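Let us take a friendly walk through a protein chain together.

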Amino acid sequence: MNTTLNPDSQRRFFTVGTGSIPKQKDFAKDREMEFVDSRDGKKKNVKIINLSINKLLHYVNRHYRSLVPFISLIKFINIVVALLEFMLRKSSCISKPFVFRIDPCTACNLRCPNCEAHAVKTNEKRLLDFEDFKSIIKKIKKYCIRVSLYDTGEPLMNKSIFRMIRYLSDNKISSLISTNLMLFNKNKHLQALSNSKLTVLAPSIDGITQETYSKYRIGGNVSSLRESLEAIIEQKNRKGDKWPFVDAQIIRFNHLVEEKHDIENYLNSINVDQITWKADSWGFNPIERDYDVKKSNKGVCFWLYTGPMIRPDGNVYPCCGRGFGRFSYGNIYKNEISDIWNNDYYRFSRKLYQRGPDLEYDAGMKSLPCHECTLFKKQRRMLPKSMYTHGVLSA
Ligand code: SF4
């Protein structure tokens, strides 16, 4: 097989989120293939490795182990109701959001290509204060089972991060951070990490040598990353701590295909709990298989029924979509979460997934990110203004 890599796809800014439901081809066997690398025009043979094998099992394993201990009866009932509303494609929900992503810092210490965290200047508040964080948790804790403390930037840039995690643990809420670990100082942070009872640690380890690692993680040092990761796991094992569940995250970059076994051997040798290969959703240098444009998932967007993302300025977004200046659905400091959850924006977004005729033009809804999102296949569209005259569909 001869495949020419399409340079356009390297510029593709795919979608929000990282995963998709595994398809049959994801479970295919490893195979050899030849391709022409568009960057240097040379033919290369690479082994395309089945990077997604057991993806579904991994997903279940991590979420089962890290969420079930945090589910009380009232939270369980809320999840069941949310599931029913999701299946019935309700536009208004009785259930409350139960998984949140709260961004403690929208800046980053590295300079990964295509990432806005270091590249975009913004007037948005970039660091979340501990008192603001507490005020958010007080509003959501009754039904909340998980807070992921990361999104656009590097969570360890926020000096209150371990206090925040501890606050979640004290409120019986599971916590998760995804980090490059560059700012982890084992002399300073090991004890704080243990005290915080962080539930899931998801370190990014995109390469086992400095050469491969720094292709994407510009400004990072793989020795420092490995030293911190090993110290964290050594402490956990020595103390017999249950947490954190260490889920090492690697992006399926083309330049990591040949290093795949070395990376996995290393991570297994230091006893990480799980290894997760994620799609290159930035389109930086994905493996061949990821060049296929992802088809939209046929189902309903689950983010609209499970929980939102919140930035340090309190703005609430329906999902972890990247990008500053995105349209906000409300502000958690000004509104109750239950009011935001059923406001016009949320109801309109959910209506896009209901079966029926296209929706009448509404100027107030035209900025909703869900219109442009290709992650899930919507049933309806909002027709352009030009197709309506005084609320009546033109011929
Ligand atoms: S449909 Fe809307 S909420 Fe769902 S992933 Fe797309 S932009 Fe986010």
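Let us begin with helix H5, whose buried residues are covered by, among others, strand E4, helix H6 (161-170), strand E10 (309-310) and helix H12 (337-341). Helices (H or I, at least four residues) and strands (E, at least two) are DSSP runs, numbered from the N terminus. Covering here rests on contacts, and two residues are in contact if their C-beta atoms, placed from the backbone, lie within 7 Å. What you see is a predicted model, in which local features need pLDDT of at least 70 and side-chain atom pairs count only at pLDDT 80 or more, while totals for chains, interfaces and linings use all residues. Residues are numbered from 1 along each chain as its sequence is written.

Which residues of H5 (residues 130-140) are buried? They are Phe133, Ile136 and Ile140. A residue is buried if 20 or more other C-beta atoms lie within 10 Å of its own, exposed if 12 or fewer, and partly exposed in between, with C-beta atoms placed from the backbone. Viewed down the axis of H5, its buried residues fall within an arc of 60°, so they line one face of the helix. The arc is that of the directions from the helix axis to the C-beta atoms. On the face turned away from this buried side, H5 carries the exposed residues Glu131 and Lys138.

Now follow E4 into the sheet. Nine strands form an open sheet with mixed pairing, in the order E9-E8-E7-E6-E5-E4-E10-E11-E12. Strand E9 (274-278) and strand E12 (330-331) stand at the edges with a single partner strand each, so one side of each is left without a neighbour in the sheet. Two strands pair if DSSP finds at least two bridges between them. E4 (residues 99-102) and E5 (residues 146-148) run parallel and are joined by three bridges, with Phe100 opposite Val147 in E5.

Further along, strand E6 (residues 174-179) pairs with E7 in the parallel sense over four bridges, and Leu176 has Val200 in E7 as its bridge partner. In a regular strand the side chains alternate between the two faces of the sheet. In E7 both faces are covered, with Val200 and Ala202 buried on one side and Leu201 and Pro203 buried on the other.

E7 (200-203) also leads us to another helix: together with helix H7 (186-196), this strand is among what covers the buried residues of H9. Those buried residues are Leu225, Ser228, Leu229, Ile232 and Lys236. They cover an arc of only 95° around the axis, which puts them on the same side of H9. On the other side of H9, Ser223, Asn237 and Arg238 are exposed. Just after H9 comes Gly240, with a positive phi of about 70°.

Next, visit a loop. Ile71 sits between helix H2 (55-67) and helix H3 (73-87). This residue is partly exposed, because 16 other C-beta atoms lie within 10 Å. Leaving aside neighbours within four places in sequence, Ile71 is in contact with Phe76 and Ile145.

Finally, step back to the chain. Its secondary structure comes to 13 helices and 14 strands, and 36% of its 395 residues count as buried. Among contacts with a separation of 6 or more, 75% are between residues 24 or more positions apart.
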